Amino acid sequence: MFARVQILVAAGLLLAPGYTNAQVVDHKQLIGTLARLNQAAPEVDVALLAEEVTANAGKGVASLPNWQNLSRLSQLVVEIDFENDSTAIETESYRTIGMIADALHHPNLSRYKFLVVGHTSSTGDAKHNLKLSQERADAIAYALSTTFAVPADRLYPIGVGKEWPIDAGKPAAADNRRVQLINLGLVR
(Lines give C-alpha, C1' and ligand atoms only; values in the text may rest on other atoms or scores of the structure.)
Protein backbone atom coordinates (compact mmCIF):
# COMPACT_ATOMS: atom_id res chain seq x y z
CA MET A 1 0.00 0.00 0.00
CA PHE A 2 1.34 3.41 -0.92
CA ALA A 3 1.34 5.84 1.94
CA ARG A 4 -0.86 8.84 1.28
CA VAL A 5 0.33 11.62 3.49
CA GLN A 6 -2.33 14.31 3.30
CA ILE A 7 -3.81 16.62 5.84
CA LEU A 8 -7.48 17.41 5.49
CA VAL A 9 -8.99 20.51 6.97
CA ALA A 10 -12.33 19.62 8.51
CA ALA A 11 -14.98 22.32 8.34
CA GLY A 12 -16.74 20.68 11.24
CA LEU A 13 -17.02 17.44 13.09
CA LEU A 14 -20.05 16.35 11.11
CA LEU A 15 -18.91 16.52 7.53
CA ALA A 16 -21.27 16.23 4.62
CA PRO A 17 -21.71 12.68 3.33
CA GLY A 18 -19.59 12.04 0.29
CA TYR A 19 -16.84 14.48 1.30
CA THR A 20 -13.66 12.94 -0.04
CA ASN A 21 -11.57 15.77 -1.45
CA ALA A 22 -8.28 16.25 0.32
CA GLN A 23 -6.84 19.67 0.88
CA VAL A 24 -3.14 19.57 1.60
CA VAL A 25 -2.19 22.27 4.06
CA ASP A 26 1.10 23.72 5.12
CA HIS A 27 2.49 24.27 8.60
CA LYS A 28 0.96 27.76 8.90
CA GLN A 29 -2.51 26.53 7.90
CA LEU A 30 -2.24 23.60 10.30
CA ILE A 31 -1.51 25.94 13.21
CA GLY A 32 -4.21 28.41 12.14
CA THR A 33 -6.84 25.68 11.86
CA LEU A 34 -6.13 24.07 15.23
CA ALA A 35 -5.73 27.38 17.09
CA ARG A 36 -9.10 28.74 15.97
CA LEU A 37 -11.43 28.73 18.95
CA ASN A 38 -14.69 30.60 18.42
CA GLN A 39 -15.69 30.31 22.05
CA ALA A 40 -14.59 28.67 25.26
CA ALA A 41 -14.23 24.94 24.78
CA PRO A 42 -16.92 22.93 26.55
CA GLU A 43 -15.73 20.56 29.25
CA VAL A 44 -15.22 17.21 27.55
CA ASP A 45 -15.37 13.96 29.50
CA VAL A 46 -13.26 11.57 27.40
CA ALA A 47 -14.31 8.57 29.53
CA LEU A 48 -17.98 9.39 28.86
CA LEU A 49 -17.29 9.68 25.12
CA ALA A 50 -15.62 6.25 25.22
CA GLU A 51 -18.60 4.75 27.08
CA GLU A 52 -21.00 6.17 24.51
CA VAL A 53 -18.97 4.75 21.62
CA THR A 54 -18.88 1.32 23.22
CA ALA A 55 -22.61 1.39 24.00
CA ASN A 56 -23.44 2.44 20.44
CA ALA A 57 -21.12 0.08 18.53
CA GLY A 58 -22.74 -0.52 15.17
CA LYS A 59 -25.20 2.39 15.60
CA GLY A 60 -23.00 5.46 15.12
CA VAL A 61 -22.17 8.35 17.44
CA ALA A 62 -22.57 11.50 15.33
CA SER A 63 -26.04 12.26 16.66
CA LEU A 64 -25.17 11.78 20.34
CA PRO A 65 -25.21 15.08 22.29
CA ASN A 66 -21.73 14.76 23.77
CA TRP A 67 -20.30 14.08 20.32
CA GLN A 68 -22.28 16.92 18.74
CA ASN A 69 -20.74 19.34 21.27
CA LEU A 70 -17.36 18.64 19.71
CA SER A 71 -18.49 20.14 16.38
CA ARG A 72 -17.93 23.68 17.70
CA LEU A 73 -14.26 23.04 18.36
CA SER A 74 -11.40 23.62 15.94
CA GLN A 75 -10.26 20.37 14.44
CA LEU A 76 -8.23 18.74 11.76
CA VAL A 77 -8.62 15.43 9.97
CA VAL A 78 -5.32 13.74 9.25
CA GLU A 79 -4.63 10.74 7.08
CA ILE A 80 -2.09 8.46 8.71
CA ASP A 81 -1.45 5.09 7.15
CA PHE A 82 -1.09 1.95 9.25
CA GLU A 83 -0.15 -1.54 8.24
CA ASN A 84 -3.27 -3.58 7.47
CA ASP A 85 -5.25 -4.49 10.60
CA SER A 86 -2.36 -3.24 12.72
CA THR A 87 -1.25 -0.38 14.93
CA ALA A 88 2.11 -0.19 13.15
CA ILE A 89 2.37 3.28 11.61
CA GLU A 90 3.66 3.27 8.03
CA THR A 91 7.11 4.87 7.87
CA GLU A 92 5.98 7.52 5.40
CA SER A 93 3.33 8.77 7.83
CA TYR A 94 5.92 9.81 10.40
CA ARG A 95 6.50 12.94 8.32
CA THR A 96 2.87 13.91 8.89
CA ILE A 97 3.11 13.09 12.60
CA GLY A 98 6.25 15.23 12.79
CA MET A 99 4.43 18.11 11.13
CA ILE A 100 1.60 17.77 13.66
CA ALA A 101 4.14 17.70 16.51
CA ASP A 102 5.83 20.84 15.19
CA ALA A 103 2.44 22.57 15.15
CA LEU A 104 1.60 21.37 18.68
CA HIS A 105 4.92 22.82 19.91
CA HIS A 106 4.16 26.20 18.31
CA PRO A 107 3.45 28.97 20.87
CA ASN A 108 -0.08 29.41 19.45
CA LEU A 109 -0.93 25.78 20.27
CA SER A 110 1.41 24.82 23.12
CA ARG A 111 -1.12 25.74 25.82
CA TYR A 112 -3.95 23.59 24.40
CA LYS A 113 -4.94 19.96 24.89
CA PHE A 114 -6.19 17.75 22.07
CA LEU A 115 -8.51 14.83 21.54
CA VAL A 116 -6.81 12.31 19.22
CA VAL A 117 -9.67 10.41 17.57
CA GLY A 118 -8.94 7.17 15.70
CA HIS A 119 -11.33 6.04 12.95
CA THR A 120 -11.68 2.95 10.75
CA SER A 121 -13.71 2.04 7.70
CA SER A 122 -16.64 -0.34 8.02
CA THR A 123 -14.61 -3.32 6.84
CA GLY A 124 -14.63 -5.85 9.66
CA ASP A 125 -16.51 -6.37 12.90
CA ALA A 126 -17.69 -3.24 14.79
CA LYS A 127 -16.10 -4.30 18.09
CA HIS A 128 -12.82 -5.21 16.41
CA ASN A 129 -12.78 -1.84 14.60
CA LEU A 130 -13.50 -0.02 17.84
CA LYS A 131 -10.57 -1.73 19.56
CA LEU A 132 -8.28 -1.18 16.55
CA SER A 133 -9.18 2.51 16.29
CA GLN A 134 -8.45 3.01 20.01
CA GLU A 135 -5.09 1.28 19.63
CA ARG A 136 -4.29 3.45 16.61
CA ALA A 137 -5.25 6.64 18.48
CA ASP A 138 -3.03 5.43 21.33
CA ALA A 139 -0.20 4.79 18.84
CA ILE A 140 -0.43 8.33 17.44
CA ALA A 141 -0.52 9.87 20.94
CA TYR A 142 2.43 7.66 21.94
CA ALA A 143 4.45 8.68 18.86
CA LEU A 144 3.69 12.36 19.47
CA SER A 145 4.66 12.14 23.13
CA THR A 146 7.75 9.94 22.88
CA THR A 147 9.32 10.52 19.48
CA PHE A 148 8.26 14.17 19.19
CA ALA A 149 8.16 15.23 22.89
CA VAL A 150 4.59 16.55 22.93
CA PRO A 151 3.56 16.35 26.61
CA ALA A 152 1.33 13.29 27.06
CA ASP A 153 -1.00 15.21 29.37
CA ARG A 154 -2.05 17.33 26.38
CA LEU A 155 -3.21 14.31 24.34
CA TYR A 156 -6.42 12.34 24.92
CA PRO A 157 -6.66 9.35 22.56
CA ILE A 158 -10.04 7.78 21.81
CA GLY A 159 -11.14 5.29 19.17
CA VAL A 160 -14.53 5.41 17.49
CA GLY A 161 -14.09 2.56 15.01
CA LYS A 162 -16.49 2.83 12.11
CA GLU A 163 -19.10 4.78 14.10
CA TRP A 164 -18.29 8.24 12.68
CA PRO A 165 -17.54 7.97 8.94
CA ILE A 166 -16.37 10.95 6.93
CA ASP A 167 -18.06 9.36 3.89
CA ALA A 168 -21.25 7.80 5.22
CA GLY A 169 -22.33 6.91 1.69
CA LYS A 170 -19.29 4.66 1.31
CA PRO A 171 -18.57 3.28 4.79
CA ALA A 172 -15.89 0.87 3.52
CA ALA A 173 -13.97 3.69 1.77
CA ALA A 174 -10.35 4.30 2.72
CA ASP A 175 -11.19 7.97 3.48
CA ASN A 176 -12.96 6.77 6.61
CA ARG A 177 -9.67 5.44 8.02
CA ARG A 178 -8.21 8.56 9.57
CA VAL A 179 -7.11 10.36 12.71
CA GLN A 180 -8.82 13.51 13.88
CA LEU A 181 -7.34 16.15 16.18
CA ILE A 182 -9.80 18.29 18.14
CA ASN A 183 -8.72 21.26 20.22
CA LEU A 184 -10.20 20.76 23.71
CA GLY A 185 -9.14 24.16 24.99
CA LEU A 186 -6.56 25.31 27.49
CA VAL A 187 -4.58 22.88 29.61
CA ARG A 188 -5.49 23.46 33.26
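Asn-56 is buried, at 17% relative accessibility, where buried means under 20% relative accessible area, exposed means over 50%, and partly exposed lies in between (1.4 Å probe, protein chains only). Asn-56 sits in the loop between α2 (46-55) and α3 (65-68). The model is predicted, so local features need pLDDT of at least 70 and side-chain atom pairs count only at pLDDT 80 or more, while totals for chains, interfaces and linings use all residues. Residues are numbered from 1 along each chain as its sequence is written, and side-chain values use heavy atoms, with hydrogens and water left out.

**Overall layout**

- The protein has five helices and five strands; helices (H or I, at least four residues) and strands (E, at least two) are DSSP runs, numbered from the N terminus.
- From the N terminus on, the order of the elements is β-α-α-α-β-α-β-α-β-β.
- Of the 188 residues in the protein, 46% are buried.
- Among contacts between residues at least 6 apart in sequence, 77% join residues at least 24 apart; a contact means heavy atoms within 4.5 Å.

**Around Asn-56 and Trp-67**

- Not counting residues up to four places away in sequence, Asn-56 touches Val-61, Leu-64 and Glu-163.
- Trp-67 belongs to helix α3.
- With a relative accessible area of 1%, Trp-67 is buried.
- Trp-67 and Glu-52 are 15 residues apart along the chain, and their C-alpha atoms are separated by 9.0 Å.

**Nonpolar cores**

- In soluble globular proteins, nonpolar side chains tend to be buried together.
- A nonpolar core is a set of buried Ala, Val, Leu, Ile, Met, Phe, Trp, Tyr and Cys residues joined through side-chain atoms within 4.5 Å.
- The largest nonpolar core has 27 residues, and those with the most contacts inside it are Ile-80, Leu-104, Ile-140 and Leu-144.
- Two or more residues of this core come from each of α1 (27-35), β2 (75-78), α4 (94-105), β3 (112-118), α5 and β5 (179-186).
- Helix α5 gives the largest share of this core, six residues.
- Another core, of 16 residues, lies apart from it and has Leu-64, Leu-115, Val-117 and Leu-184 among its members.
- Leaving aside neighbours within four places in sequence, Leu-104 is in contact with Leu-34, Leu-109, Ser-110, Phe-114, Leu-144, Val-150, Arg-154 and Leu-155.

- Side chains of opposite charge can pair when their charged atoms come close.
- The count is one salt bridge, defined as a side-chain nitrogen of Lys or Arg within 4 Å of a carboxyl oxygen of Asp or Glu.
- The salt bridge joins the side chains of Lys-131 and Glu-135, at 2.7 Å from N to O.
- Both Lys-131 and Glu-135 lie in helix α5 (residues 126-146), four residues apart, which is about one turn of the helix.
- Lys-131 is exposed, at 51% relative accessibility, and Glu-135 is partly exposed, with a relative accessible area of 31%.
- Gln-134 also has its place in helix α5 and is partly exposed, at 24% relative accessibility.
- Gln-134 touches Pro-157, Ile-158 and Gly-159, not counting residues up to four places away in sequence.
- Gln-134 and Pro-157 are 23 residues apart in sequence and 7.1 Å apart in space, C-alpha to C-alpha.
- Ala-149 is in the loop between α5 and β4 (155-159).
- Although Ala-149 is not a glycine, its phi is positive, at about 60°.

**Largest pocket**

- On a 1 Å grid over the protein atoms alone, a pocket is an open set of points where a 1.4 Å probe fits, with protein on both sides within 12 Å along at least five of seven lines; lining residues have an atom within 4 Å of a point.
- The largest pocket has a volume of about 360 Å³; grid points are joined across faces, edges and corners, and a volume is the space filled by probe spheres set on the points.
- It is lined by 22 residues, and the closest to its centre are Asn-84, Asp-85, Ser-121, Arg-136 and Arg-177.
- Helix α5 gives the most to this lining, with four residues.
- The lining of the largest pocket has six nonpolar, seven polar and nine charged residues; Ala, Val, Leu, Ile, Met, Phe, Trp, Tyr, Cys and Pro count as nonpolar, Asp, Glu, Lys and Arg as charged, and the others, Gly among them, as polar.

**Around Ala-172**

- Ala-172 is in the loop between β4 and β5 and is partly exposed, with a relative accessible area of 45%.
- Leaving aside neighbours within four places in sequence, Ala-172 is in contact with Ser-121, Ser-122, Thr-123 and Arg-177.
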